[in-house]
Amino acid sequence: MSGPLLAPDERLSRALVRSVPDAVTERLSDLGNVPVAVPALALAIAYAVRRGNRLGALAAGLAMALVPALVVPLKLWTARPGPLEPWAAGYFPSGHTATAAVAYVGAALLLRPYTRSPWPLAAALLLTGATAAGLILRGWHWPLDVLASLLLCTPLLLAVGQAVRRGVRGRL
């Protein structure tokens, strides 16, 4: 692999990996596991359906279903090795980061119409950021793997936000 961003990405990764104890970074990266993140979204989907926002709930569910459909082909296509496992491939983009972003931010978007507080979005960004930091600091992903996932999920989350707004307006 080559490119103008790879050398700075590798330098940054080398400076950060294992700068925090593994026990901490492993727990942070676990926030992006499907059994951890997806139930948070499922609860928000159920709440949105109960409140009558089926369109927003459907969009959030579809966004989560699209995560592996987008991430897996890119992993296969790029076959980028990992920071600590140069013999392995498939690290770009980060599936854990994508799962965390869509699950937590998607849940916050579903809850936003029903609360005047910024806490759901703040919590979602904190959980997504913690996942990303854990993955980089533990050495399971390069910084660009994580950034690519966040950029990949942005259109999905914009669509969820738009569907949530339409779904709420349809109920008024």
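How many of the 17 residues of H5 are buried? In helix H5, 15 of the 17 residues are buried, and the helix is mostly covered. Buried means under 20% relative accessible area, exposed means over 50%, and partly exposed lies in between (1.4 Å probe, protein chains only). Helices (H or I, at least four residues) and strands (E, at least two) are DSSP runs, numbered from the N terminus.

This is a predicted model, in which local features need pLDDT of at least 70 and side-chain atom pairs count only at pLDDT 80 or more, while totals for chains, interfaces and linings use all residues. Residues are numbered from 1 along each chain as its sequence is written, and side-chain values use heavy atoms, with hydrogens and water left out.

**The core**

The largest nonpolar core has 31 residues. Such a core is a set of buried Ala, Val, Leu, Ile, Met, Phe, Trp, Tyr and Cys residues joined through side-chain atoms within 4.5 Å. Leu41, Val67, Val102, Leu110 and Val160 touch the most other members. Two or more residues come from each of H3 (34-50), H4 (54-78), H5 (95-111), H6 (119-138) and H7 (143-171). H5 gives the largest share, 11 residues. Beyond four places in sequence, Leu110 touches Leu41, Ala44, Ile45, Ala48, Gly56, Ala57, Ala60 and Val164, where contact means heavy atoms within 4.5 Å.

**Two helices**

The expected span of a helix is 1.5 Å times one less than its number of residues.

| Helix | Residues | Expected span | Span between end C-alpha atoms |
|---|---|---|---|
| H4 | 25 residues | 36 Å | 36 Å |

H4 bends by about 25 degrees at Leu66, and Pro68 follows within four residues. The bend is the angle between axes fitted to the seven residues ending at a residue and the seven starting there. Among the buried residues of H4 are Val67, Lys75 and Thr78. Just after H4, Ala79 has a positive phi of about 50 degrees.

**An aromatic pair**

The whole structure holds 1 aromatic pair. Rings of Phe, Tyr and Trp (its six-membered ring) pair if their centres lie within 6.5 Å; planes under 30 degrees apart count as stacked, over 60 as edge-to-face and the rest as tilted. The ring centres of Tyr47 and Tyr114 are 5.6 Å apart and the planes stand at 85 degrees, so this pair is edge-to-face. Tyr47 lies in H3 and Tyr114 in the loop between H5 and H6, 67 residues apart. Tyr47 is partly exposed at 29% relative accessibility, and Tyr114 is partly exposed at 23%.
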